[in-house]
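Trainee: I should like to go through this structure by question and answer. May we begin with the terms?

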Amino acid sequence: MVEQVVIVTLIVSLKFRCRKKKMDSEYVKKHLGRCLAEGLAEVAERRPVDPIQFLAHWLHKYNTKVEAEAEKRAHLALLEQQKAKAREEALYQDKLRGEEQKFTEALEESKNV
């Protein structure tokens, strides 16, 4: 009886560990998959003397590059918004000039009458 309890406990423990490892591997795949794969490919290609140090440095540079690209995209999006706003303003100014011209012509016409 005690042996059966121990066996069941071991089985439950192993199932939990397997699920946890699966969750861990999914986390790594989701958050590090592309980055880590590219870094390891770079290590394999260059074969540095200290691959761990090389990978750590590469990952740091990668993260800095990703952050810079995100900042650049945000800046470009802001510029696009500003350009759209400037175009709208230019169209509005053109419309106002047209209306002003019509009023000026109407005023001169009324003076001539």
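Mentor: Helices (H or I, at least four residues) and strands (E, at least two) are DSSP runs, numbered from the N terminus. This is a predicted model, in which local features need pLDDT of at least 70, side-chain atom pairs count only at pLDDT 80 or more, and totals for chains, interfaces and linings use all residues. Residues are numbered from 1 along each chain as its sequence is written, and side-chain values use heavy atoms, with hydrogens and water left out.

Trainee: In which helix do Arg46 and Glu42 both lie?

Mentor: Arg46 and Glu42 are 4 residues apart, about one turn of the helix. The helix that holds both is H1.

Trainee: Is Glu42 buried or exposed?

Mentor: Buried means under 20% relative accessible area, exposed over 50%, and partly exposed in between (1.4 Å probe, protein chains only). Glu42 has a relative accessible area of 18%, so Glu42 is buried.

Trainee: How many salt bridges does the structure hold?

Mentor: Among them is the one between Lys83 and Glu80, whose closest N and O atoms are 3.8 Å apart; both residues lie in helix H2, 3 residues apart. Another joins Asp94 and Arg97, with 2.6 Å between the closest N and O atoms, and these two also lie in helix H2, 3 residues apart. The structure's number of salt bridges is 4.

Trainee: How many aromatic pairs does the structure hold, and what is the angle between the planes?

Mentor: The structure holds 1 aromatic pair. Trp58 and Tyr62 form this pair, with 5.2 Å centre to centre. Rings of Phe, Tyr and Trp (its six-membered ring) pair if their centres lie within 6.5 Å; planes under 30 degrees apart count as stacked, over 60 as edge-to-face and the rest as tilted. The pair of Trp58 and Tyr62 is stacked, and the angle between its planes is 20°.

Trainee: Which are the buried residues of H2?

Mentor: Trp58 and Tyr62 both lie in helix H2, 4 residues apart, and both are buried. The buried residues of H2 are Phe54, Leu55, Trp58 and Tyr62.

Trainee: How far apart are the end C-alpha atoms of H2?

Mentor: The expected span of a helix is 1.5 Å times one less than its number of residues. The 62 residues of H2 should therefore span 92 Å. The separation of its end C-alpha atoms agrees with this, at 89 Å.

Trainee: Which residue has a positive phi although it is not a glycine?

Mentor: Most residues other than glycine have a negative phi. The residue in question is found in the loop between H1 and helix H2 (51-112). Its phi is about 50°, and its name is Arg47.

Terms used
A salt bridge is a side-chain nitrogen of Lys or Arg within 4 Å of a carboxyl oxygen of Asp or Glu.
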